[in-house]
Amino acid sequence: MAVELDVFVGNTTIMDEEVYQLWLDGYTVNDAVKVRMEGGVLEEFEASADVLLSDTMDQYRTFQMCERLLHSPAKLANQLLFQIPPHRQAILIERYYAFDDAFVREVLGKKLSKGTKKDLDDISAKTSVTLKSCRRQFDNFKRVFKVVEELKGPLVENIRQHFLLSDKLARDYAAIVFFANNRFETGKRKLQYLTFQDFAFCAGQLINSWTIGAVDNMVEDMDVDLDKEFLQELKELKILITDKDLLDQHKSLVCTALRGKTKAFNEMEARANFKAFAFETFIEPCRSDRWTASDMRLYLTHYTNSAHILDTFKHQVVWDRYMGVIKSCIFKMYHD
């Protein structure tokens, strides 16, 4: 039986956002048709399965032709082949560069190289994100990294301007670039409970306080590379541990400030001379001692402030720059 269709001609490119998302998620045309049918689109538009298949194929072709423009989003606004309103262009770009938290958590901190790309099959199986979508997301990370790594100026702003992303998504990409460049180990077993957003928050703190850009806002890699001079200065803080008199004074000041203010005082007193602020070696014992988030905040506040009272401790500026980030990150990562 022949199917009659009403045909119209226009110059605005028609794109169904649901179909676009199915394409981004890596669904084949047939699987996308199945999802649309299960969603009741045939009944809604009184269409046949053949018409639905034809429509889906047509939209997939359009998305594939647009993809090369999405690699350089500014080109999307300047081309004449597809007449796409600005608000819809913004949606196409934002969704194309969106990513799955489960996927990014697996690649965060790893080198964005062919070696990591070979692992995408395993990551796809582990996260239930289709391989096609994993490849798109990985290639997006790599593309953004390559474009911004040599640019001067603030990292977030560079990403936002070159890829036309929202502020939130640009900040997330800044975190991905930062971790990829500095190769932080985020896959440790004791860090598995932390989400990408936890790490993204910490990346923002590190970028704002510990990078070259924190002291010079017009150098290459300003928000990507850690300030090497500052990292050298951190060695001076070891005196709080290696000098027994300072260690004892600091512990006494902290305990005096905490006494009577929390039920966890005995545990805090035992932890007042801990040797390092490695997240996994500090947070886990405190969690085992059943510290509340308020206990953690109280302890770190007095631990930080008490160092200012030590007469022979002469590294206050470095200490504040160091502990400001450490406190913020631990507050974010520690949950009751």
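Colleague: What should I keep in mind about the model and the numbering?
Modeller: The model is predicted, so local features need pLDDT of at least 70 and side-chain atom pairs count only at pLDDT 80 or more, while totals for chains, interfaces and linings use all residues. Residues are numbered from 1 along each chain as its sequence is written, and side-chain values use heavy atoms, with hydrogens and water left out.

Colleague: OK, where is Gln79?
Modeller: Gln79 sits in the loop between α5 (74–78) and α6 (86–97), the helices being DSSP runs of H or I with at least four residues, numbered from the N terminus.

Colleague: Buried or exposed?
Modeller: Gln79 is buried, because its relative accessible area is 15% and buried means under 20% (1.4 Å probe, protein chains only).

Colleague: And which backbone oxygen does its side chain reach?
Modeller: The Gln79 side chain reaches the backbone oxygen of Leu76 at 3.1 Å, and a polar atom of that side chain lies 2.7 Å from the backbone nitrogen of Phe82.

Colleague: Switching topic, what are the domains?
Modeller: An automatic or database assignment gives domain 1 (17–85), domain 2 (101–210) and domain 3 (228–334).

Colleague: How much area is buried between domain 1 and domain 2?
Modeller: About 710 Å² is buried between domain 1 and domain 2, with carbon and sulfur atoms giving 54% of that area; buried area is the accessible area (1.4 Å probe) that two parts lose on being put together, summed over both.

Notes:
Helix = DSSP H or I, 4+ residues; strand = E, 2+ residues; numbered from the N terminus. Buried < 20%, exposed > 50% of the residue type's maximum accessible area, 1.4 Å probe, protein only. Polar contact = N/O pair within 3.5 Å; in protein donor to acceptor, adjacent residues only side chain to side chain.
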